[in-house]
Amino acid sequence: MATLVQDIILTPSAAARVAAIAAKQGKPAILRLSVDGGGCSGFQYKFGFADSVEPDDVIAEHDGVKLVVDSVSIDLVRGCAVDYVESLAGAAFKVENPNAASGCGCGSSFSV
């Protein structure tokens, strides 16, 4: 059974961007965050849209938009905030992770 938690956060700007993309693609507003081994710092974040919530997912919700994290990845991102930022370098989802001991310059990988 999926669990709704307060220890991961989907920011309003991230929720708005997920909702806009999902509406354009005709999909549910569910963003999946997972962590894989790799990247220049040891672990890397992966984002994708999900069609449904899996039974072992942990869920954060904002304005009806869901951020889901699998039970294996949650220990590496517990306490994080997922934001959507736009800058001169481009636009992307960004993870502010208090568990990360270090990260790479692009922000897509980290170590614990």
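Rings of Phe, Tyr and Trp (its six-membered ring) pair if their centres lie within 6.5 Å; planes under 30 degrees apart count as stacked, over 60 as edge-to-face and the rest as tilted.

The model is predicted, so local features need pLDDT of at least 70 and side-chain atom pairs count only at pLDDT 80 or more, while totals for chains, interfaces and linings use all residues. Residues are numbered from 1 along each chain as its sequence is written, and side-chain values use heavy atoms, with hydrogens and water left out.

**View 1. Aromatic pairs.** Two aromatic pairs are found in a search of the whole structure. In one of them, F47 and F93 are tilted, at 5.5 Å centre to centre and 35° between the planes. This pair links distant parts of the chain, with F47 in strand β4 (residues 42-49) and F93 in strand β8, 46 residues apart. Strands (E, at least two residues) and helices (H or I, at least four) are DSSP runs numbered from the N terminus. F47, Y84 and F93 make up one aromatic cluster.

**View 2. The open sheet.** An open sheet of three strands has the order β2-β7-β8 and mixed pairing; strands pair if DSSP finds at least two bridges between them. β2 (9-10) and β8 are the edges, each with a single partner strand, so one side of each has no neighbour in the sheet. β2 and β7 run parallel and are joined by two bridges. I9 lies opposite A81 in β7.

**View 3. Surroundings of L67.** Beyond its neighbours within four places in sequence, L67 is in contact (heavy atoms within 4.5 Å) with residues including I8, L33, V58 and V82.
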